[in-house]
Amino acid sequence: MTAVALPSGDRPVLFDAAHSAAPLVDAILHYRGLETGALHVPGHAGGRTVGTGLRALLGNTFLASDVWLTPADATNARREAEALAAAAWGADTALFLLDGSSGGNRAVHLAQPSQHVVVARDSHTSTLAGLVLSGATPHWVTPRLDEGGFGISLGIDPAALDETLTGLSAQGHRAGLVSMVSPGYAGACSDVRALADVAHRHGTPLMVDEAWGAHLPFHPDLPAHAISVGADVSVTSAHKMLAAPSGAAIIFTRGDRFEADRISRVVQMTQTTSPLLPVLASIDDARRTMVSRGRTLLDRTLELVANARRRLAAIPGVRVAEAEDLGVPAERFDPLRLVISVAGLGLTGLEIERLLRTPGPGLGTSGLLHPAVAVEGADESNLFVAITTCTSPDVVDALVTALRTLSCRPRRLLRPAWDGRLVEALLAPRTQVCTPREAHFAATETVPLERAVGRTSAEPITPYPPGVPAVMPGECLDGDAVAALTRAVASGMHIHGSADPTLATVCVLRD
């Protein structure tokens, strides 16, 4: 078939007529069209006897689509869909996932046989799970933070990566993998091309957790996606910035530095053998949508977000992070991720997030009504907002209206702030006493947080957002770490990973 170039500027996606199909979607629709009598799992048999509450929640169509194809039919449709996805993203291979980019991160780390890996300190907590599973020794690289006081990670610097890899080599070790994140939680992208050059010069493959970047290849005004600029493996979430349900994700590989078949075997070992086919089919359909209409959809979305940025920036007490504020080139900044500093409104971001989720009056003395708005997340100073091709302009209007109303309230002084330095304190290097795997299986005890200074953590302690462990299993809980965690809890941040989410106590290795 003749290849046709999509109208996507200087980064076209090549496709043929096969991209008009969605093999997994078609296979499920074919099954349903036959009105097949179900004598197989799942036990709800197309939803015939489920309770009224579940039916109201999921609907007849979803339940009827949760079917069991023959292994051959399911495998063939999935392989066809994955091949189309690989072509759409410019990769050699693609693997569909049901357990999000988290599952992909774990699988890639488990698939790489090496005692030493280099890991960006701002990596997601799922990367830590991969380290526990693999038993590798991590060598951390601390990311740079923004220049505007937002407390935003900008990813690791190529010079810092080179220094770490050189130091490992001097010790007689070779890293089997460099693992990093781009885009970060706030939309800042690393210089992946330069980082790939550094990693490859040291003979090491580069893996990029690109959970927030599934949309990047489909518009020329967005940053380059990792596979296109030298990454050997990338993991992306179709459910974050594309129109797929939660858990839908993809692993991409390109080149021969990483054995794609080994990753596939690990995914087969670690994922369920009873896949929820509608989730896999949603990735297939999201690919078809972005190849056929992604440029048009993203044109509209970029216009919507540019308008939102202008309106938000005009509100007294509100700052919106732009590329120049963060200190990154415009071509490495995803504008669809909004970071809104609300410190000037006299409330923390977490307090404002809770107010936004409550509809009606109460955001000011005007009595202005507003619908509930749920943002992606919040921390001490910021709101984090994700705008996608599916975002309604009405919801953006509601956010702007609510923040305007808040700006009219009398200010109250915040408790003494760290001026955006909390994230820096949470991401600071720690002394590594043992590997995460060794700590995970060691004898432990529980102690009050204030008495944990100098002890070795047995658990990951991960403030959300952005889901980056501040302390890893096997690391020393020094005084700075305890102070930063105390501050995070006091500001209302959710703590993930620790047995006690209030951090009144922590789990440490026995002396």
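A nonpolar patch here is made of residues with over 30% relative accessible area and no salt bridge, whose nonpolar side chains are joined within 5 Å. The model on screen is predicted.

**First stop: the surface patch.** Select L54, L57, L58 and F62. Together these residues form a nonpolar patch on the surface, with about 350 Å² of accessible area. Now pick out L57, which belongs to helix α2 (residues 52–65). L57 has a relative accessible area of 66%, and exposed means over 50%, so L57 counts as exposed.

**Second stop: an aromatic pair.** A search of the whole structure finds four aromatic pairs. For one of them, select W89 and F218. The ring centres of W89 and F218 are 5.2 Å apart and the planes stand at 85°; an angle over 60 degrees counts as edge-to-face, so this pair is edge-to-face. The two residues come from distant parts of the chain, 129 residues apart: W89 is in helix α3 (residues 71–89), while F218 is in the loop between β7 (206–209) and β8 (233–237).

Are these two residues buried or exposed? W89 has 3% relative accessibility and so counts as buried. F218, at 2%, counts as buried too.

Ring pairs link F252 with W89 and F218 into a cluster.

Select R337, Y185 and W212. The charged end of R337 sits over the ring of Y185, 4.9 Å from the ring centre. R337 also lies over the face of W212, where the distance to the ring centre is 3.8 Å.

Notes:
Residues are numbered from 1 along each chain as its sequence is written. This is a predicted model: local features need pLDDT of at least 70, side-chain atom pairs count only at pLDDT 80 or more; totals for chains, interfaces and linings use all residues. Side-chain values use heavy atoms; hydrogens and water are left out. Rings of Phe, Tyr and Trp (its six-membered ring) pair if their centres lie within 6.5 Å; planes under 30 degrees apart count as stacked, over 60 as edge-to-face and the rest as tilted. Helices (H or I, at least four residues) and strands (E, at least two) are DSSP runs, numbered from the N terminus. Buried means under 20% relative accessible area, exposed over 50%, partly exposed in between (1.4 Å probe, protein chains only). A charge sits over a ring if NZ of Lys or CZ of Arg is within 6 Å of the ring centre and within 35 degrees of the ring normal. Patches are made of residues with over 30% relative accessible area and no salt bridge: like charges are joined within 9 Å, nonpolar side chains (Val, Leu, Ile, Met, Phe, Trp, Tyr) within 5 Å. Accessible areas come from the Shrake-Rupley method with a 1.4 Å probe; for residues, only the protein chains shown count as cover. A salt bridge is a side-chain nitrogen of Lys or Arg within 4 Å of a carboxyl oxygen of Asp or Glu.
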